[in-house]
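Have a look at this one when you get a moment.

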Amino acid sequence: MQEANWWKTWPEARALSDGKRLVFYGRSEDWIPKSLKKVTQTPDYIVDMNEGYHGTAYQGIEVFPPEKLFGDDKDNVYVIITSGVYEGIVENLLREGFEAGRHFCCCPEYRDFLVLDSIRNYRQDVYITCCDYNDSARTRGSRGGGGIFRYSLPDAKMEKLAEGQYRQVVVVEDRIYAVAYVEQAIHVFNWSFDLLETHPLDHPNYCGIAHDRINDTLAVVNAGTDEILILSRTDFREVDRITFSRKSAQGQNSAHHLNDVCIDGASLFVSYFSHSGNWKIGQYDGGVSNSRYRRAARSTGTINGSCRVCGARTARSSRMEIFAISIPCADGCTSTTRPLPANSQALPGPGLRRNVPISSG
């Protein structure tokens, strides 16, 4: 692609200009002094659109209008654009028959501008969910309200596609499954964001949702009960219900505050505020845990670490593999814990039955 050809390194620019007369395009007090230190020959002349520079010299090099360059033999000169505002100069050179790379390049000193070019030309639609209320006077309220939005790059255009208080969404084939937080349901959309189906959920406070491609099930995470509900995608029948920890199994409300979820192969990843289940008293030892949650692949492990309070080594059984998080001391020092050391291991253990906690918190 010719566009990429006008970005060169200094070794490339020196090789391309070897045996030719060198011309700088743009009388820049920034880029010319820097370029003169990198080239192996003195430029024949400088060209610039500014008439005030014509007939003058800069760094001992005469300055001319661009017409001098356009009348020159393009195969016997090599042009280095020494102006940071290079887009219009590139267009002028291409229009005059100069070939990017072969006849000219941008100053390699600002080659990082190539990254800016890629950002300006990058096209992507980003889909965003928001659970705000439409009333800005309410907690979690805003003028724009909640919904599903599409942010389009590079136009920086934001468009609301669906109205409501939505949490995580997951795309399966040509359908979009979204957790409607306040309505306590899963909404199913097409890519035109027509609401096709509504499936009620059994409790409030569901947040995350993920799709298991192998079993064609949906995992839905509840921040209030700290449970992961497994539903059949075809009929939304409950297939399994996973309790995150003993605390949640004992009915403690939102001890961990599970949030988002994703599934990769046989592994289910879930994020949370607190692994120890103490975020409500200020212990935000949150993180991400990985459960091999399918019956055929479920496993447990022993997590090794040490308590910040008493310094005691501790080993706790868990169905979750822990990544850079903390574990409470076996002796009950749960107020503060420290991250697992780099050499901590999750050791294989026996499989667990369904509805057995996946965390030892």
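Here are my notes, going from the whole chain to single residues.

1. Before anything else: this is a predicted model, where local features need pLDDT of at least 70 and side-chain atom pairs count only at pLDDT 80 or more, while totals for chains, interfaces and linings use all residues. Residues are numbered from 1 along each chain as its sequence is written, and side-chain values use heavy atoms, with hydrogens and water left out.

2. The overall picture: the protein chain has seven helices and 24 strands. Helices (H or I, at least four residues) and strands (E, at least two) are DSSP runs, numbered from the N terminus. Of the 361 residues, 47% are buried, meaning under 20% relative accessible area; exposed is over 50%, and partly exposed is in between (1.4 Å probe, protein chains only).

3. On contacts (heavy atoms within 4.5 Å): take those in the protein chain with a separation of 6 or more, and 50% of them come from residues 24 or more positions apart. As for the surface, the chain exposes about 18,100 Å², and carbon and sulfur atoms supply 48% of that. These areas come from the Shrake-Rupley method with a 1.4 Å probe; for residues, only the protein chains shown count as cover.

4. Now the inside. A nonpolar core here is a set of buried Ala, Val, Leu, Ile, Met, Phe, Trp, Tyr and Cys residues joined through side-chain atoms within 4.5 Å. The largest one has 34 residues, and Leu69, Ile80, Ile81, Leu93 and Phe104 touch the most other members. Elements giving two or more residues to this core include helix H2 (10–17), helix H5 (87–95) and strand E6 (104–106). The largest share, five residues, comes from E5. There is also a second, separate core of 14 residues, which includes Val188, Leu218, Leu229 and Phe236.

5. Phe104 deserves a click. Leaving aside neighbours within four places in sequence, Phe104 is in contact with several residues, among them Asn5, Trp6, Tyr78, Ile81, Leu93 and Phe98.

6. How many disulfides are there? The count is zero, taking a disulfide as a pair of cysteine sulfur atoms within 2.5 Å. Cys107 is buried, at 0% relative accessibility, but its closest cysteine sulfur, in Cys105, is 7.8 Å away, so that is too far for a bond. Cys262, for its part, is partly exposed, at 41%.

7. Look at the loop between helix H4 (66–70) and E5, where Asn76 lies. Asn76 and Gly19 are 57 residues apart in sequence, yet 8.0 Å apart in space, C-alpha to C-alpha. Beyond neighbours within four places in sequence, Asn76 is in contact with Lys20 and Arg21.

8. Some backbone details. The peptide bond from Leu153 to Pro154 is cis, with omega near 5°, and Pro154 is in the loop between strand E8 (147–153) and strand E9 (157–163). Ala156 is in that loop between E8 and E9 too; its phi is near 55°, a positive value in a residue other than glycine. His257 also has a positive phi, near 60°, and lies in the loop between helix H7 (246–249) and strand E18 (258–264). Is His257 buried or exposed? At 16% relative accessibility, His257 counts as buried.

9. Finally, Leu116 is in helix H6 (residues 113–121) and is partly exposed, with a relative accessible area of 39%.
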